[in-house]
Amino acid sequence: MNLQHQPPIKVTNRPILISIIICTYNRGNYLNTCISSILTQTNQDWELIVVDDGSNDHTFEVVDKYVQIHDNIRYVKHKNLKLALSRNVGLLLASGKYITFLDSDDTYKANHIQSRLNFMEKNRQVDLIYGGVDLHEAVFVADYYKPDVLINVNDCVLGSTFFGKKTVFTELGGFENISYGEDTEFLERASKIFKTQKITRPKTYIYTRADDSITKKVALESKRKKQDEK
């Protein structure tokens, strides 16, 4: 994709339908692919908020090129607050009717946004959905409930796949700043007062685990503990 040849997106007065939040830390090498997957969505009724959690690489230079061209892409940077609080910053800035996320080392298939929107519009009683992950390899992470046990990513809650009504996030006050499993903790709170549902298809969220990802670090730590116990 030739970034420089993309036409500027015109600003309209109508409300934004979908807010996409990317939280990133030192992922400059991944961001072009990540953001490009948003720009090629079949549904273009979105805004993108990139929350930089204190990167010291070339993240700003990568994102700024998009900000200069696209009026619906914003960038904000703060000191390192970790993922949960960075997501909350994005939530404060979001103005869409629906809110969703994308990890900076992951991508969307072209129909991702439209497929999620179709589901929500056909199932108006549902407030929040998650799932529909396309894995190119088997990925195992620590179980939120049993940290010493590894489970497949498809069996856990990936907050990056959340797609829900804005009221879900605002009424719950966003994510709790805990060391691991803020996605599962959020879903537990949401499920008590909102209608939530896991979807398995279509698999339009492409999960790619960077070498320094949180899930990889936790999985390696759990594996080391098991080896130490032998």
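The model is predicted. The protein has 230 residues, and 51% of them are buried. Its secondary structure consists of 7 helices and 12 strands.

**Overall build**
- Among contacts with a separation of 6 or more, 79% join residues 24 or more positions apart.
- The accessible surface is about 11600 Å².
- Carbon and sulfur atoms account for 51% of that surface.

**Helix α1**
- Helix α1 covers residues 28-39, which is 12 residues.
- At 1.5 Å a residue, helix α1 should span 16 Å.
- Buried residues of α1 include Gly-28, Leu-31, Cys-34 and Ile-35. The run from Ser-36 through Ser-37 and Ile-38 to Leu-39 is buried as well.
- Strands β1 (18-24), β2 (46-52), β3 (73-77) and β5 (107-108) are among the elements that cover these buried residues. Helix α2 (59-69) is also part of the cover.

**Salt bridges between separate parts**
- The count of salt bridges comes to 7.
- Asp-105 pairs with Arg-27, with the closest N and O atoms 3.4 Å apart. Asp-105 sits in the loop between β4 (98-101) and β5, and Arg-27 in the loop between β1 and α1, so the bridge ties together parts 78 residues apart in sequence.
- Both partners of that bridge fall under the 20% limit for buried residues. Asp-105 is buried because its relative accessible area is 8%. Arg-27 is buried too, at 11%.
- Lys-109 pairs with Asp-134, and their closest N and O atoms are 3.2 Å apart. Lys-109 lies in the loop between β5 and α4 (112-122), while Asp-134 belongs to strand β7 (residues 133-135), so this pair links parts 25 residues apart in sequence.
- Lys-109 is partly exposed, with a relative accessible area of 31%. Asp-134 is buried, at 16%.

- Glu-185 and Arg-189 form a salt bridge with an N to O distance of 2.9 Å.
- Both residues lie in helix α6 (residues 182-193). They are 4 residues apart, about one turn of the helix.
- Glu-185 is buried, with a relative accessible area of 14%. Arg-189 counts as buried at 18%.
- Arg-87, Asp-103 and Asp-183 belong to one network, joined by salt bridges that share partners.

Key
Residues numbered from 1 in each chain as written. Predicted model: local features only at pLDDT ≥ 70, side-chain atom pairs only at ≥ 80, totals over all residues. Heavy atoms only, no water. Helix = DSSP H or I, 4+ residues; strand = E, 2+ residues; numbered from the N terminus. Buried < 20%, exposed > 50% of the residue type's maximum accessible area, 1.4 Å probe, protein only. Contact = heavy atoms within 4.5 Å. Areas by Shrake-Rupley, 256 points an atom, 1.4 Å probe, with all protein chains shown as cover. Expected span 1.5 Å × (residues − 1). Salt bridge = Lys/Arg side-chain N within 4 Å of Asp/Glu carboxyl O.
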